[in-house]
Amino acid sequence: STSASSDGQPKSKKARLLQKGKQTFTYIADLLNRFLELVEATEVDDYSPSQLHFLHRTLELLIDLLSCLPTRRWIRGLCLDYSFTVKSGLSPLGKSTREDRVGKLFRQQLEMLIEMENFSTESTTSYKNDVDETHVHTLQKVCFKLFPSKLEEFVYAGVEAASKREFLVQELGKLDEEELQTLCYTLRLIASERASDAIDREYLLSLLAYRHASRLSELESLAMLPIFPSEELLWDVNKIPPEQQTPSTVLALPKLNL
């Protein structure tokens, strides 16, 4: 017979649940790795239709998982650990200014993913959570400890000014690449203080700005939307699809879960 554990449940059942959780976590981690390997190594014009479909479906899955509270608490930490949105935004496809479906849909989905990842709600309780000031204040204290003279203007700036992306990037741009790596490692944004050459200056600055710069609140973003649909929205096939479409068509539709 199956022996019981301390909480009265059979060990075999606990083992099955643990194994299922590990398989799900491994699947998502492998999916993120495959996505980043593809998007970082491929130029915009070199994608096959199946590769583009994989990218769009992966982003759609992550958006759906982040928009649901039961899965958000696990997926958000994994995406932040991988710096998924930062790396995707710095990829050739993320930097592309093409307005066709190849480039525009990817950028629209990435914007939705960033919005969901930074939605001001506590991942375990769903209560509103404003952490911009806490994060940038922590960054100022670390900069004061590591580079008090080089970043004097940033260290003594008010939180509202220091949290603006332009000011933050300008001031942290005074550091060289080695100092940026030290700063990111101290803040636990990268795994090693002496990282490989693959981590460049642009990525480090983008990572620091993404994790510490302030963003518009949901109320402010909502107030900026037009009362009536604009021509840009009406003719955007990624949001309002044409009459003829297949079930596999990916759209950049807003989510209402959170």
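Author: A residue is called buried when its relative accessible area is under 20%, exposed when that area is over 50%, and partly exposed in between (1.4 Å probe, protein chains only). The structure above is a predicted model, in which local features need pLDDT of at least 70 and side-chain atom pairs count only at pLDDT 80 or more, whereas totals for chains, interfaces and linings use all residues. Residues are numbered from 1 along each chain as its sequence is written, and side-chain values use heavy atoms, with hydrogens and water left out.

Reader: Why is tyrosine 47 called buried?

Author: The relative accessibility of tyrosine 47 is 10%. The limit is under 20%, so tyrosine 47 counts as buried. This residue lies in the loop between α1 (11–41) and α2. Contact means heavy atoms within 4.5 Å; leaving aside neighbours within four places in sequence, tyrosine 47 is in contact with Leu38, Val39, Thr42, Leu52, Leu55 and Leu93. Its C-alpha atom is separated by 9.1 Å from that of valine 102, 55 residues apart along the chain.

Reader: Is glutamate 60 buried or exposed, and how do you know?

Author: Glutamate 60 has a relative accessibility of 19% and therefore counts as buried. This residue is placed in helix α2. Not counting residues up to four places away in sequence, glutamate 60 touches Gln109 and Val250. The C-alpha atoms of glutamate 60 and leucine 110 are 9.4 Å apart, although 50 residues separate the two along the chain.

Reader: What makes a stretch of the chain a helix, and how many are there?

Author: Helices (H or I, at least four residues) and strands (E, at least two) are DSSP runs, numbered from the N terminus. The protein chain has 14 helices and zero strands. Of its 258 residues, 38% are buried.

Reader: Why are α2 and α3 called oblique to each other?

Author: Axes are lines fitted to C-alpha atoms, for helices over the stretch in contact, and angles run from 0 to 180 degrees between N-to-C directions. The axes of α2 (residues 49–66) and α3 (residues 69–82) come within 8 Å and cross at roughly 130 degrees. Angles under 35 degrees count as roughly parallel, over 145 as roughly antiparallel, 65 to 115 as roughly perpendicular and the rest as oblique; therefore α2 and α3 are oblique. Their contact is made by Leu62, Leu65 and Leu66 of α2, with Thr71, Arg72, Ile75, Arg76 and Cys79 of α3.

Reader: How do you know that cysteine 79 is buried?

Author: Cysteine 79 has a relative accessibility of 1%, so this residue counts as buried.

Reader: How do you know that cysteine 143 is in no disulfide?

Author: The nearest cysteine sulfur, that of cysteine 184, is 9.9 Å away. A disulfide is a pair of cysteine sulfur atoms within 2.5 Å, so cysteine 143 is in no disulfide. By this rule the count comes to zero disulfides. Cysteine 143 counts as buried, because its relative accessibility is 0%.

Reader: Where are serine 83 and arginine 188 found?

Author: Serine 83 is in the loop between α3 and α4 (84–89), and arginine 188 is in the loop between α11 (177–186) and α12 (201–212). Phi is positive in serine 83, at about 50 degrees, although this residue is not a glycine. Arginine 188, also a residue other than glycine, has a positive phi near 60 degrees.

Reader: Why is serine 83 called buried, and why is arginine 188 called exposed?

Author: The relative accessible area of serine 83 is 5%, so this residue is buried. Arginine 188 has a relative accessibility of 59% and therefore counts as exposed.
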